Amino acid sequence: MVSLIGQKVVFYVSGGPLAGQTVELASRMTAAGIDLSVVAPAAAQEWFSLRHLQLVGAVGVAEQWRAPSADELVVIQSGAAGGEGSDDLPPALELSADAPNCRGVIVLTEKGGRGISLPAVAVDRQLIIESSQSVELLPVVESTALLSALAKLLTPPRLAGLKVMVTAGPTLEDIDPVRFIGNRSSGKMGYAVATAAWQAGAQVQLISGPVNLPAPFGVTVQRVRSAEEMLQAVEAG
């Protein structure tokens, strides 16, 4: 993952229950070294206080939408598409579109929320997960996914257009219903390689043995147990 230290991020927060995660996400971003500014209109402040954001290290806290500068990244946190908080989303997107050199835009929404169409000028700089016309909104499952997505926007897309397959973790060979033979691989290196390849623009398939690691955001994960299953998965491609 590229360093996020000193990177400038504007965090637009809309209303709705998702705003309850604002302080946690802001805390993780500042802990990663991000120079964070937060814009939170009155509707969002029903879910947290601006003082809390200052306490976790946000360097600028405001209530009015502003256009981002050329050296900033944008994170927009909204309610589900068409739901509570979604009315605040278009102004934030329009402001991002008005900054042609804005470094990138990520939209956070309720898990499973999708289908918001962006202005054409914003689409080129949006973190597109599936389609160039309709944006797959980033579900906020954990802040690690957000930090990984921010790193992707900062990583040169050297692997764009390539498909990358990574194997990771141990394999376990059953002896009987109780016992098995395995190894001590943690899978951490393979998971890190898969994440780095995704951030560099590749389409990544991760074939993973049994590990105690969360699936990397943006990466297709196939779980296997034995060496034979891993071999079959690799050969199937």
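Arg-66 is partly exposed, with 31% relative accessible area (buried means under 20%, exposed over 50% and partly exposed in between, with a 1.4 Å probe and protein chains only). This is a predicted model, in which local features need pLDDT of at least 70 and side-chain atom pairs count only at pLDDT 80 or more, while totals for chains, interfaces and linings use all residues. Residues are numbered from 1 along each chain as its sequence is written, and side-chain values use heavy atoms, leaving out hydrogens and water.

The structure holds four of them, each a side-chain nitrogen of Lys or Arg within 4 Å of a carboxyl oxygen of Asp or Glu. In one, Arg-66 meets Glu-72 at 3.0 Å, N to O; Glu-72 is buried, at 7% relative accessible area.

Another salt bridge joins Lys-8 to Asp-71 at 3.2 Å, N to O. Lys-8 lies in strand S1 (residues 8-13) and Asp-71 in the loop between strand S3 (60-62) and strand S4 (72-77), so this pair ties together parts that are 63 residues apart in sequence. Helices (H or I, at least four residues) and strands (E, at least two) are DSSP runs, numbered from the N terminus.

Asp-174 sits in strand S8 (residues 173-174) and Arg-225 in the loop between strand S11 (220-223) and H7, 51 residues apart.
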